[in-house]
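Biologist: I've got the model open. Walk me through the packing, one spot at a time.

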Amino acid sequence: MNDEKILEIKNLSVKFNTYAGIAHAVRGIDFNLNKGEVLAIVGESGCGKTVTSKAIMGLLPSPQAVIGRDNSEINFCCKNLLNLNETEMTKIRGEEISMIFQDPMTSLNPTMKIGNQIAESIFIHDNVSMQDAKQQALKMLELVKIPNAKQRLNQYPFEFSGGMRQRVMIAIALACNPKVLIADEPTTALDVTIQAQIMDLIGDLQKELNTGVILVTHDLGVVASVADRIQVMYAGKIVERGTVDEIFYNPKHPYTFALLKSVPKLSTHNKDKLYSLTGTPPDLINPPVGCPFAARCKFGMKICRVKFPKATNFGYTHKCSCWLHHEKADTTGVPAQLLQGGVTSAK
């Protein structure tokens, strides 16, 4: 990993026009991705992770989805992607920024052979013959460790297992050697053994190709051995961000703390009750003006419901938005781990 910034998101907001009203799915988030880095976006379903990913790819449905173009920016290699037309985005999508979608069974075309589906992207973007594209597709299948790759090239998606289909999706995403790879829940519906294999494969390929990866997941356990940095997202906002060690060993937001407690541990005894976060996320058609986690937080104060907290710095990379870190906060009963250090940012 290095400090060469290849993707920068500034004040991204996304709204959806629905029959019930306007849903504020993403509410002014900022982050960046460096070359060769794995950045994990973690949070419960519905927090805005996938919407953020599809906004970067330019895949949000129109006119239902509305991006705040007046003050939002998605800067990739000195270009604001929000200013590009569909023809210009098509040149970037798949070649320079690729995405592994959540469900390979619905993402792959059931009527096309696997080899053709991989070769299609290479044929479109690399300006080569279809024969050369298929040769490259064969190399990609071998790269993602699919056995009997030459035979598999001529098979259909239904002839592959779930883990193998996910490997095919990775091959399609990496076929043109993109600078940014977005992996949206790449291990959903896979058993734990295959999950580990897929995550190891993504990690190995990321290092080999020096690709920047955005890993979208609700499972903190999945990112522990792969990610360099983590940002925790809740109700369309980023509430905490930091390195893997900072988030896992020194969480500062009650929501992050709750997510970590929800991860089963090897030390858990058979009859121990697994921790479960009570309550439900807020309605984003009428989003809260304060901290979105306030209604579910056992340490919440009055101020939490009326104003969103400023970021508190716990180091160069570790930031958290929570009123518990204000000098006047009532911290009675709050675990000491949540309170150590911190300087409130002026931003």
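Modeller: Start with Pro 251, which lies in the loop between helix 10 and helix 11. Helices (H or I, at least four residues) and strands (E, at least two) are DSSP runs, numbered from the N terminus.

Biologist: What kind of model is this, and how are residues numbered?

Modeller: The model is predicted: local features need pLDDT of at least 70, side-chain atom pairs count only at pLDDT 80 or more, and totals for chains, interfaces and linings use all residues. Residues are numbered from 1 along each chain as its sequence is written, and side-chain values use heavy atoms, with hydrogens and water left out.

Biologist: Back to Pro 251. Buried or exposed?

Modeller: Pro 251 counts as buried, because its relative accessibility is 1%. The cut-offs are under 20% relative accessible area for buried, over 50% for exposed and partly exposed in between, with a 1.4 Å probe and protein chains only.

Biologist: What does Pro 251 touch?

Modeller: Beyond residues up to four places away in sequence, Pro 251 touches Glu 240, Glu 246, Thr 256, Phe 257, Leu 260, Gln 337 and Leu 338. Contact means heavy atoms within 4.5 Å. Pro 251 and Leu 339 are 88 residues apart in sequence, yet 9.3 Å apart in space, C-alpha to C-alpha.

Biologist: Rings next. How many aromatic pairs?

Modeller: The count is 4 aromatic pairs. Rings of Phe, Tyr and Trp (its six-membered ring) pair if their centres lie within 6.5 Å; planes under 30 degrees apart are stacked, over 60 edge-to-face, and the rest tilted. One of them is Tyr 234 with Tyr 255, a tilted pair at 4.5 Å centre to centre and 55° between the planes. It links distant parts of the chain: Tyr 234 sits in strand 10 (residues 229-234) and Tyr 255 in helix 11 (residues 254-261), 21 residues apart.

Biologist: What else does Tyr 234 pair with?

Modeller: Phe 293, edge-to-face, at 5.4 Å centre to centre and 90° between the planes. Phe 293 is in the loop between helix 11 and strand 12 (311-313), 59 residues from Tyr 234. Tyr 234 is buried at 2% relative accessible area, and Phe 293 is buried at 3%. Tyr 234, Tyr 255 and Phe 293 form one aromatic cluster.

Biologist: Which charged residues lie over ring faces?

Modeller: Arg 152 lies over the face of Phe 160, 4.7 Å from the ring centre. Lys 237 lies over the face of Phe 308, at 4.6 Å. The rule: NZ of Lys or CZ of Arg within 6 Å of the ring centre and within 35 degrees of the ring normal.

Biologist: New topic. How do helix 7 and helix 8 pack?

Modeller: Helix 7 (residues 162-174) and helix 8 (residues 192-209) pack at about 15°, with axes 10 Å apart. Axes are lines fitted to C-alpha atoms, for helices over the stretch in contact; angles run from 0 to 180 degrees between N-to-C directions. So helix 7 is roughly parallel to helix 8. Angles under 35 degrees count as roughly parallel, over 145 as roughly antiparallel, 65 to 115 as roughly perpendicular and the rest as oblique.

Biologist: Which residues meet there?

Modeller: Gly 163, Gln 166, Arg 167, Ile 170 and Leu 174 in helix 7 meet Ile 194, Gln 197, Ile 198, Leu 201, Ile 202, Leu 205 and Leu 209 in helix 8.

Biologist: And how do helix 4 and helix 7 cross?

Modeller: The axes of helix 4 (residues 114-126) and helix 7 come within 8 Å and cross at roughly 25°. Ile 114, Gln 117, Ile 118 and Ser 121 in helix 4 meet Val 168, Ala 171 and Ile 172 in helix 7.

Biologist: Last one. Where is Pro 186?

Modeller: Pro 186 is in the loop between strand 8 and helix 8. Pro 186 is buried, at 2% relative accessibility. Its contacts, leaving out residues up to four places away in sequence, are Gln 166, Ile 198, Met 199, Ile 202, Leu 215 and Val 216. Glu 185 is in that loop too, between strand 8 (180-184) and helix 8. Glu 185 is buried at 7% relative accessible area.
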